[in-house]
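Please look over the structure below. The briefing covers its nonpolar cores and its aromatic pairs.

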Amino acid sequence: MLLQPEARIYLQSQRGVFQTADFYRFCTFNFDTYHAESRGPFGNLLALNDEMLLPQSSIEIKTAETVRIVLLPLAGALEIHSPEEVKYVNSGEMLEYLTGPDNSLTITNPYANETVNYLQIRFKETENAWSSAELTAFDISDKNRLLTINRKREDENRILIGRYDGREEGTFFYNSDKAIFVFVIEGAFEVQNRLLEQRDGLSLRNVTEIEFEALSNNAILLVMEV
């Protein structure tokens, strides 16, 4: 039986918002106190949060289940405290942690005068998954192609990122048994004939390739297999 393609756009203007005096969070999916009927998890993608920390501020991360947390700085660097170690992750790097109910992480902005902006992404994981923190570096100055930025293990889905010049086109191929979530970090793209602007997302099922075109210079696209 031929399955019909499924697609849903997640507009940045419809994200959940949480803020304190020194922290801002914009949620693509239901998270913490934000709940909307159409914003449940997409496959094993539990959360996609666009977060900002003011200078010298910190937040603590605790989870009720085993999850893989991906931290992707967009502006500035982060200092991450776990029970085992302290790690630093800069723009052009991605840090992955496996954490659960018995652990916690603290994210700190180490700067005295600069706000940091980063993505916090959460994937559902099994308790027997890998346990060490993984830091990977990437260089999106190599434009107009998608780069795999996680150290893909067996059965783990890929995370890819790319910076594109205006009117550059691309195609991404993947297995039909997977779903895809696309997120525009900067600029604007047309993805599968749908307009996505900065911080918009698009979920896709039952397709084996994605075609896209950058509509602005230095546009940055994030693609996640789910």
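What follows treats the cores first, then the ring pairs.

This is a predicted model, where local features need pLDDT of at least 70, side-chain atom pairs count only at pLDDT 80 or more, and totals for chains, interfaces and linings use all residues. Residues are numbered from 1 along each chain as its sequence is written, and side-chain values use heavy atoms, without hydrogens and water.

**Nonpolar cores**
- A nonpolar core joins buried Ala, Val, Leu, Ile, Met, Phe, Trp, Tyr and Cys residues through side-chain atoms within 4.5 Å; buried means under 20% relative accessible area (1.4 Å probe, protein chains only).
- The largest core has 25 residues, and Leu72, Ile121, Ile161, Phe181, Leu222 and Met224 touch the most other members.
- Strands (DSSP E runs of at least two residues, numbered from the N terminus) that give two or more residues to this core include S4 (45-53), S6 (67-75) and S21 (219-225).
- Apart from it lies another core of 20 residues, among them Phe172, Tyr174, Leu196 and Phe212.

**Aromatic pairs**
- Rings of Phe, Tyr and Trp (its six-membered ring) pair if their centres lie within 6.5 Å; planes under 30 degrees apart are stacked, over 60 edge-to-face, the rest tilted.
- The count comes to nine aromatic pairs.
- Tyr164 and Phe212 are edge-to-face, because their ring centres are 5.3 Å apart and their planes stand at 85°.
- Tyr164 is in strand S14 and Phe212 in strand S20 (residues 209-214), so this pair ties together parts 48 residues apart in sequence.
- Phe189 and Phe212 also pair edge-to-face, at 6.2 Å centre to centre and 70° between the planes.
- Both Phe189 and Phe212 are buried.
- Ring pairs link Tyr10, Phe29, Phe42 and Phe181 into a cluster.

Methods
Buried < 20%, exposed > 50% of the residue type's maximum accessible area, 1.4 Å probe, protein only. Helix = DSSP H or I, 4+ residues; strand = E, 2+ residues; numbered from the N terminus.
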